[in-house]
Amino acid sequence: MTMAMRRCLLEPPPEVWPAAERLLEAVRLHNANDMSGAAECFREADLPIIGVWFKKVVGPYDASLHGPHPEALDPPRLPMHERRRPRMVSSAGRRDILARDGYHCRFCGMPVIPKDTIKAIASVYPKDAPWTDNAAEQHRFFQAANLQFDHIIPHARGGESSVGNMVVTCAVCNYGRMSNTLEESFLIDPRAFPVQRSSWDGLQCFVPQP
Ligand SMILES: [Zn+2]
């Protein structure tokens, strides 16, 4: 079984774009002290179809989506004690990656949101923009958009936590690829493409107490 090279495992549903607009509107209303208007916009962006996309890519292994199992792993999977440390990139490194990549997934283009921002919004709107440790209760846009610093050469395969080896991705693309290499997942290196620029700011405009 062979597979064509592609930009991402599965493209986000087109509904994510108007949903992102609803979130920007929610934050605008919140910052203008219209909390009920903001709450409604947060709810409108919590779309079941985004949850379906998340579950399909992050869920059980599917060779037609994730790629056929390779015969041998190259480079091999390293035991824990042989993996490079630290696993997390430094805070200065994260700033550099964000300045370079902005707030879109480098694979699929999904608008992403830093987890600190998701949590800040959820603490003000626990019912309309929920975020708990239980995945089934998470706002579905936030669940997919949860910003990741993803290793291009996976950490488990010897990749280092450097600005050069890491890109901003959405949770769907990061969790969905697991610790497979780009080649094993039939993915084109996203660093070969220009960074997507837009007015989406990862909801950094959210002011917890306007
Ligand atoms: Zn993505």
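Where is the place of Asn31? Asn31 sits in helix 1, which covers residues 16-31. Before following that residue further, a word on the model itself. This is a predicted model, in which local features need pLDDT of at least 70, side-chain atom pairs count only at pLDDT 80 or more, and totals for chains, interfaces and linings use all residues. Numbering of residues starts from 1 along each chain as its sequence is written.

**Overall layout**

The protein has eight helices and two strands. Helices (H or I, at least four residues) and strands (E, at least two) are DSSP runs, numbered from the N terminus. Read from the N terminus, the order of elements is α-α-α-α-α-α-α-β-β-α. With a radius of gyration of 18 Å, close to the 17 Å that the globule rule gives for 210 residues, the protein is as compact as a globular protein of that length. That radius is taken over C-alpha atoms, and the globule rule is 2.2 Å times the number of residues to the power 0.38. Along the principal axes, the C-alpha atoms fill a box of roughly 55 × 35 × 35 Å.

Of the 210 residues, 36% are buried. A residue counts as buried if 20 or more other C-beta atoms lie within 10 Å of its own, as exposed if 12 or fewer do, and as partly exposed in between, with C-beta atoms placed from the backbone. Two residues are in contact if their C-beta atoms, placed from the backbone, lie within 7 Å. Among contacts between residues at least 6 apart in sequence, 75% join residues at least 24 apart.

**The nonpolar core**

In soluble globular proteins, nonpolar side chains tend to be buried together. Here the largest nonpolar core has 46 residues, and those with the most contacts inside it are Leu23, Met110, Val112, Phe141, Ala144, Cys170 and Val172. Such a core is a set of buried Ala, Val, Leu, Ile, Met, Phe, Trp, Tyr and Cys residues joined through C-beta atoms within 7 Å. At least two residues of this core come from each of helix 1, helix 2 (35-44), helix 3 (48-58), helix 6, helix 7, strand 2 and helix 8 (171-177). Helix 1 gives the most, with six residues. Leaving aside neighbours within four places in sequence, Leu23 touches Cys41, Ala45, Phe141 and Leu203.

In helix 3, the buried residues are Ile50, Trp53, Phe54 and Val57. Seen down the axis, they fall within an arc of 100 degrees, so they line one face of helix 3. The arc is that of the directions from the helix axis to the C-beta atoms. Pro48 and Val52 are exposed on the other side of helix 3. The buried residues of helix 3 pack against helix 1, helix 4 (63-66), helix 7 and helix 8.

Helix 6 (residues 115-124) has Thr117, Ile118 and Ile121 as its buried residues. Their arc around the axis is only 100 degrees, which puts them on the same side of helix 6. Asp116, Lys119 and Ser123 are exposed on the other side of helix 6. The packing partner of the buried residues of helix 6 is helix 7 (140-145).

**The strand pair**

Strand 1 (residues 148-151) and strand 2 pair in the antiparallel sense over four bridges; pairing requires that DSSP finds at least two bridges between two strands. His151 stands opposite Met166 in strand 2. Strand 2 (residues 166-169) is covered on both faces, with Met166 and Val168 buried on one side and Val167 and Thr169 buried on the other.

**Back to Asn31, and some backbone details**

Asn31 is in contact with Cys205, Val207 and Pro210, leaving aside its neighbours within four places in sequence. Asn31 and Leu9 are 22 residues apart in sequence and 36 Å apart in space, C-alpha to C-alpha.

| Residue | Class | Other C-beta atoms within 10 Å |
|---|---|---|
| Asn31 | partly exposed | 14 C-beta atoms |
| Asn33 | exposed | 9 C-beta atoms |
| Leu203 | buried | 23 C-beta atoms |

Most residues other than glycine have a negative phi, and most peptide bonds are trans. Asn33, in the loop between helix 1 and helix 2, has a positive phi near 70 degrees. Leu203, in the segment after helix 8, has a positive phi of about 60 degrees. The peptide bond from Asp74 to Pro75 is cis, with omega near 0 degrees, and Pro75 lies in the loop between helix 4 and helix 5 (91-101).
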